[in-house]
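Here's a quick briefing for anyone opening this structure for the first time.

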Amino acid sequence: MKHKVAILAFLSDEGISRASGRALKRVYVEALSQFEIAIVTDATSFKAVERWNGSNSIRILNIGATKDFRLADTMDLLLHHSFISDAQTITLIPVQELREISWSLVEFCLTSDHETPFWIQNANPEKLDVHSVFAFRVSKAAMDSMRMNLTQMYTDLHSAEAVVRDLANADDASIWETLVRNISDIEIMNIDNLRLRVSLTAASSEALAQTCDPIIAHSHARVGLIGNPSDGFFGKTISLLINNFHATVTLTPNASATDQIVRIDRTPELDPYQFACIETLNTACEKDGYYGVQRLMLAGLNVFTGYCEKNGVDLSFLRGFTVAYETNIPRQVGLAGSSALITALIKGLMIYYRLGRHPAFEPHLRSNLALAAEKEALNISAGLQDRVIQAYGGLVFMDFNRAQMESHGYGVYERIPLDLVPKGLWIAYVGCPSDSGSIHNNVRARFEKGDPEVAEAMSLFACLADQAKAALTKRDFKTLAQLMDTNFATRRRIYGDAVIGAENLAVVEIAHAFGHAAKFSGSGGCVVGLWRGEGDEKEKLENRREMKRRIREVGYVFEEVVPAGEEDW
């Protein structure tokens, strides 16, 4: 019969003990051949413990309702559970009090060559609840003895708190020697000694060498110059990263080398959880819905971890960290704001785990990783264009032809020199945006059904991208402007005016009236424009000034485009 291990996990005032699912899995896998392991909890804590256990297959034992975590009640339920009563030898490992080393303690108890059973003294001898018991290994004989007298011993101690208080000025060790004297062969271990022993065996040299200096990663907004929205339909596009707006994600390492907790700080501006009144809450929900940025961080972390596991990348050697995020990219206007947040997170994680030169994180592969966080994990309608330009930076031509995509899972990407970006490029975005995730309407379904009109349009978008690439190379910006107008007209034809939106149409028509080409920069809500090259310089400046005024009158914000250079991760 295998030695049994009971990991005691109960909720306390601070919630479930800090645990790393990664460490838990490592402990479980390594100990599986030697031990029979179970996590013991009660009815109140069961759901939290279930989540804490994660995807691990460790058995969870629910001992039912306990009374205020009184040790006498809990030990009575625990010691008579069949898992423990059938054991020849058993190790009990509560994981509450020493939160920063909880799973390190489990690992230490299971893998240490320290054969003598031990009891870890509590820093607060007056706190005689279930969290006061720490870790000990007992034989069958000692277990039988415990069943007979441990419950009564602690019942007596609870009724004799005055005695404990009288001893408060005495040395802690002498108090605990008195408390455990009735149990033979149990060694008292000073808590500081244990913490030292555990930290020396549990923390990697890399984690011990880490500082708490934050890792700060940025990702910029993008403009779809030509070819969109064909990136999701085996087409071709040219996209430009812009310095006007950016998202920032900060990873701050934990203070303790053994603390592998990952926290996500909620940003009130992006994920509100406090409202001035119930009417304000209603207005916020009606305008922004029920989803914020925190879900993007959660999905990004989850997809990144799964991808690393699949590619044999170890993430357990460093400390945990806190994730903070912010962005000034206008929301839901088609400037790739959500993908910028996820890209910044992936960039930060790559820096944190030193993966900049890892072959699994080449730009074309991390583009797919960012897309998976939104499209697969969150079911957000999206294509590769945004993630590719945010991985590469600068100006990039992208070919998503079907043969390449189906055989490799990514497109053919080619950087275009940034000095070929035309001067005077501008964007105008709406102040009251719609949901960019629903703007594609039914075009996707029509494409998948083989609708000839949609198929022809997507082929045309690809052709426009090829022609635009040639025009850029020749600095033929007049032709580029004509291609941009054709791009918008084609999109309008297959999507319809209702999807394009009256305000967006108004901005495009204003641009046309003043000699500028205009098209959507992304899924809608933002227009990118370029002078068509007609008229002299004075007329160009006058028209541009009046165009800006008219665009602002209809509630759009006008910005001169500032190109961003190539990304260096």
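A residue counts as buried when its relative accessible area is under 20%. On that basis, 53% of the chain's 569 residues are buried. Keep in mind that this is a predicted model.

**The chain as a whole**

- You'll find 22 helices and 17 strands in the chain.
- Take the contacts with a separation of 6 or more: 76% of them link residues 24 or more positions apart.

**Helices α18 and α19**

- Helix α18 covers residues 452–473 and helix α19 covers residues 477–495; their axes come within 9 Å and cross at roughly 170°.
- Angles over 145 degrees count as roughly antiparallel, and α18 and α19 are therefore roughly antiparallel to each other.
- The crossing of this pair, α18 and α19, is left-handed.
- On the α18 side, the residues making the contact include Met458, Leu460, Phe461 and Leu464.
- On the α19 side, Phe477, Leu480, Leu483 and Ile494 are among them.
- Sorted by class, the residues of the contact between α18 and α19 come out as 13 nonpolar, five polar and three charged.

**Helices α21 and α22**

- Further along are helix α21 (residues 502–513) and helix α22 (residues 537–553), whose axes come within 9 Å and cross at roughly 165°.
- That angle makes α21 and α22 roughly antiparallel to each other.
- Here the crossing of α21 and α22 is right-handed.
- Val507, Ile510 and Ala511 from α21 meet Met547, Arg550 and Ile551 from α22.
- The contact of α21 with α22 has five nonpolar residues, one charged residue and no polar ones.

- Tyr352 sits in helix α13, which spans residues 337–352.
- Is Tyr352 buried or exposed? Its relative accessibility is 5%, so Tyr352 counts as buried.
- Tyr352 and Ile215 are 137 residues apart along the chain, yet their C-alpha atoms are separated by 6.7 Å.
- Which residues does Tyr352 touch, leaving out those up to four places away in sequence? They are Gln210, Ile215, Leu251, Pro253, Leu318, Arg319, Gly320 and Phe321.

Terms used
Residues are numbered from 1 along each chain as its sequence is written. This is a predicted model: local features need pLDDT of at least 70, side-chain atom pairs count only at pLDDT 80 or more; totals for chains, interfaces and linings use all residues. Side-chain values use heavy atoms; hydrogens and water are left out. Helices (H or I, at least four residues) and strands (E, at least two) are DSSP runs, numbered from the N terminus. Buried means under 20% relative accessible area, exposed over 50%, partly exposed in between (1.4 Å probe, protein chains only). Contact means heavy atoms within 4.5 Å. Axes are lines fitted to C-alpha atoms, for helices over the stretch in contact, and angles run from 0 to 180 degrees between N-to-C directions. Angles under 35 degrees count as roughly parallel, over 145 as roughly antiparallel, 65 to 115 as roughly perpendicular and the rest as oblique. A crossing is left-handed if the near helix is turned anticlockwise from the far one by less than a right angle, and right-handed if clockwise. Ala, Val, Leu, Ile, Met, Phe, Trp, Tyr, Cys and Pro count as nonpolar, Asp, Glu, Lys and Arg as charged, and the others, Gly among them, as polar.
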